[in-house]
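Here is a friendly walk through one protein model, written for reading alongside the sequence and the coordinates. Keep the viewer open as you go.

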Amino acid sequence: MTQIMENQYSKAEQQQLLQLARAAIAYQLRHATDFQVQAEDYPPHLRTKRACFVTLKTGTQLRGCIGGMEPTQALAQEVASRACDAAFCDPRFSPVQESELDQLKIHISILNPMEQLTCTNQADLLRQLRPGIDGLLLEDGPDRGTFLPAVWESLPKKEDFLKQLMHKAGLRSDYWSSTLRVYRYTCSSFAERS
């Protein structure tokens, strides 16, 4: 399933961000310290504050994925930080080793502003979901989980997508509450070519 949202970043900007993510990982591997990004060295579009996720794969296998839902710094800085977080701080995986660097494929998802959905129950939420387009964030008290739009590729049915997201958020698959907050968002996503 492919996303039908238009990418907001030029091919040159995409390439610049992908190269930056790879350079940040390589720098940290070789120097055991963070890669310092000077936002002013990048075009204005890459200096705006944007939230993003960086996903690392080896072949088709997930190797790390870290991101944030709220923009905290210039996009170029955010991409470098999230790339290193995905490589070295994802608790599901051991840190990336230098021998793996050439096999890593980098995927970047830049989040567009979130829209809060008004839903009365799960059936109402399912009616509003747009497969292949929407990322979804669920929050209820301390419980929180999100799926990027790319997750539709492995969970193309709305019911499965929501059930697995509920599980990720630490909620029962049939959970519903008047305090549950639901947000959807789209992404500009791009990846290194194989």
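Axes are lines fitted to C-alpha atoms, for helices over the stretch in contact, and angles run from 0 to 180 degrees between N-to-C directions.

Residues are numbered from 1 along each chain as its sequence is written, and side-chain values use heavy atoms, with hydrogens and water left out. The average pLDDT (the predictor's confidence in each residue, from 0 to 100) is 93 for the protein, and 96% of the residues score at least 70. Residues 1–5 are another matter: pLDDT stays under 50 there, and the model has 17 contacts for them beyond four places in sequence. Contact here means heavy atoms within 4.5 Å. Where pLDDT is low, the predicted coordinates should not be read in detail.

**The sheet E2-E1-E3-E8**

Four strands make an open sheet in the order E2-E1-E3-E8, with antiparallel pairing. Strand E2 (61–67) and strand E8 (187–191) stand at its edges with a single partner strand each, so one side of each is left without a neighbour in the sheet. From one strand to the next, the twist averages 15°. Two strands pair if DSSP finds at least two bridges between them, and the pairs of this sheet can be set side by side.

| Strand pair | Bridges | A bridge partner pair |
|---|---|---|
| E1 and E2 | six | Phe-53 and Gly-67 |
| E1 and E3 | seven | Val-54 and Ile-108 |
| E3 and E8 | five | Ile-108 and Phe-190 |

Helix H1 (residues 11–31) touches E1, strand E3 (104–111) and E8, and its direction makes about 125° with that of E3. Helix H2 (residues 75–88) touches E1, E2 and E3, with its direction at about 40° to that of E1. Six of the eight residues of E3 are buried, so E3 is largely enclosed by the rest of the structure. Buried means under 20% relative accessible area, exposed over 50%, and partly exposed in between (1.4 Å probe, protein chains only).

Strand E5 (residues 135–140) and E6 are joined by five bridges, and Asp-140 stands opposite Asp-143 in E6.

Now back to H4. Its residues Phe-161, Leu-162, Leu-165 and Met-166 are buried. They cover an arc of only 130° around the axis, which puts them on the same side of H4; the arc is that of the directions from the helix axis to the C-beta atoms. The cover over the buried residues of H4 includes helix H3 (122–128), E5 and E6. Just after H4, Gly-170 takes a positive phi of about 85°.

At 10% relative accessibility, Thr-146 counts as buried. Beyond its neighbours within four places in sequence, its contacts include Phe-53, Leu-137, Leu-165 and Tyr-185.

The structure holds four aromatic pairs. Rings of Phe, Tyr and Trp (its six-membered ring) pair if their centres lie within 6.5 Å; planes under 30 degrees apart count as stacked, over 60 as edge-to-face and the rest as tilted. Phe-147 and Phe-161 are an edge-to-face pair, 5.4 Å centre to centre with 65° between the planes. This pair links distant parts of the chain, with Phe-147 in strand E6 (residues 143–147) and Phe-161 in helix H4 (residues 158–168), 14 residues apart. Trp-152 and Phe-161 have ring centres 3.8 Å apart and planes at 0°, so this pair is stacked.

Key:
Predicted model: local features only at pLDDT ≥ 70, side-chain atom pairs only at ≥ 80, totals over all residues. Helix = DSSP H or I, 4+ residues; strand = E, 2+ residues; numbered from the N terminus.
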